[in-house]
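Welcome, and thank you for taking a look at this model.

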Amino acid sequence: MYELFPVIILLAFLFETMDSSAGMGFGTGLTPLLFLLGYDPLQVVPILLLSEAITGFTSSYFHQEFQNVSFSFHRPFNQATKTMGIIAITGCFAIILSVILTYAALQLSKSFIKTYVAILVLAMGIIGMIRLKSKESRYRPKLLTAFAALAGFNKGIGAGGYGPVVMMGQLFSGIYEKTATAIVSLAEGIVSLFGFASFIFIAAYGLTIDYVLLPSIFTGGFIAAILSPYLVRVFPNKMWRILIPIYAILMGVLSLAKVMNIIS
Amino acid sequence: MDHQDNTLKIGQLAQMLDAEYTIIQRMKIKKETIKRVGYALIFYASIMILFTLVL
């Protein structure tokens, strides 16, 4: 019989609420916090990936229900589905490449990766704030593909930074904030499922995954995945347009402070 | 297709809701949606039962 941890449920609920509303924060915010609470990477990373896969599909279903987005899953695919496809497929390829490069070829140091992700997220948040003044937005699929590749690379090296990069990348590519949140939820669900499958594959070669946190993270995350799309529908887009870059800056500053040991 | 049209098409529905409905109007939930939330909660309960059996 499993055990439910109220603190973990609450944290998962809060971070998933932000993740499904602002398109970022579950992996980038919750992972370091769970490490601080004393949990091991193998108790945290695969469980977050599995949970994000389920909550990603759930929240995107409710984003569609609350009309924040309109996906079409029959040919011809509409523009939102194609955009989600670009992000998800590029992310899946980038995740494989980054796992190989990080764990087999390059052996990049953890602090280098964390510093790079923190600076990237911070810079994107600042650009997002500057962008608030600009009223013109233009659809740029090539730029979106580049951001999706960068985001998938971040997720594969295990330092977080998928949601913020893909979310800000979509906004820079001219996609409406509410719809961008819905697209990132589904794309992240697919990429996370892919990431969890990689862990299952590695587990077949002797790696042990600890599922102790799964029921608690799933409980908090699942409730938030239903509630958040409703919040996105109700609150005006102007609010999300301001809140998302501010939240990205906050995530970047906190990540940078942690890398520099200003907060432990 | 023009770039501007693409952007508009992606967020069309949400933009229309924002433009034509007030916050109070957007707060209203259809009966069908409540039913789907109910199904989602049944899905949640099934997963938790699965965890009880597997973990």
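Two residues are in contact if their C-beta atoms, placed from the backbone, lie within 7 Å. With that in mind, please note that this is a predicted model.

**Where the chains meet**

The contact draws 29 residues from chain A and 24 residues from chain B. On the side of chain A that touches chain B, helix H3 (41-65), helix H4 (79-105), helix H8 (177-203) and helix H9 (214-234) of chain A each supply at least two residues. H9(A) gives the most to this side, with 7 residues. Sorted by class, the side of chain A that touches chain B has 15 nonpolar, 10 polar and 4 charged residues.

| Helix pair | Angle | Axes apart |
|---|---|---|
| H1(A) and H9(A) | about 35° | 7 Å |
| H3(A) and H8(A) | about 150° | 7 Å |

Helix H1 of chain A covers residues 6-22. H1(A) and H9(A) make a right-handed crossing, and the residues of their contact divide into 14 nonpolar, 8 polar and 1 charged.

How are H3(A) and H8(A) oriented to each other, roughly parallel or roughly antiparallel? Angles over 145 degrees count as roughly antiparallel, and H3(A) and H8(A) are therefore roughly antiparallel to each other. H3(A) passes H8(A) in a left-handed crossing. Among the residues that make this contact are A:Leu49, A:Ala53 and A:Phe57 of H3(A), together with A:Leu186, A:Gly189 and A:Phe196 of H8(A). By class, the contact of H3(A) with H8(A) has 10 nonpolar, 8 polar and 2 charged residues.

**The nonpolar core**

Which residues touch the most other members of the largest nonpolar core? Of its 79 residues, they are A:Val165, A:Val166, A:Ile183 and A:Ala187. Leaving aside residues up to four places away in sequence, A:Val166 touches A:Ile87, A:Phe147, A:Ala148, A:Ala151, A:Val184 and A:Ala187.

**Two details in one loop**

Most residues other than glycine have a negative phi, and most peptide bonds are trans. The loop between H3 and H4 of chain A holds A:Gln67, and A:Pro76 lies in the loop between H3 and H4 of chain A as well. The phi of A:Gln67 is near 65°, a positive value in a residue other than glycine. Is A:Gln67 buried or partly exposed? A:Gln67 counts as partly exposed because it has 17 C-beta neighbours inside 10 Å, while a buried residue would need 20 or more. Further along, the peptide bond from A:Arg75 to A:Pro76 is cis, with omega near -5°.

Technical notes
Residues numbered from 1 in each chain as written. Chains lettered and ligands numbered in written order. Predicted model: local features only at pLDDT ≥ 70, side-chain atom pairs only at ≥ 80, totals over all residues. Helix = DSSP H or I, 4+ residues; strand = E, 2+ residues; numbered from the N terminus. Nonpolar A, V, L, I, M, F, W, Y, C, P; charged D, E, K, R; others polar. Core = buried A, V, L, I, M, F, W, Y, C linked by C-beta atoms within 7 Å. Buried ≥ 20, exposed ≤ 12 C-beta atoms within 10 Å, placed from the backbone. Axes fitted to C-alpha atoms, helices over the stretch in contact; angles between N-to-C directions. Left-handed = near helix turned anticlockwise from the far one by under 90°. Parallel < 35°, antiparallel > 145°, perpendicular 65-115°, else oblique.
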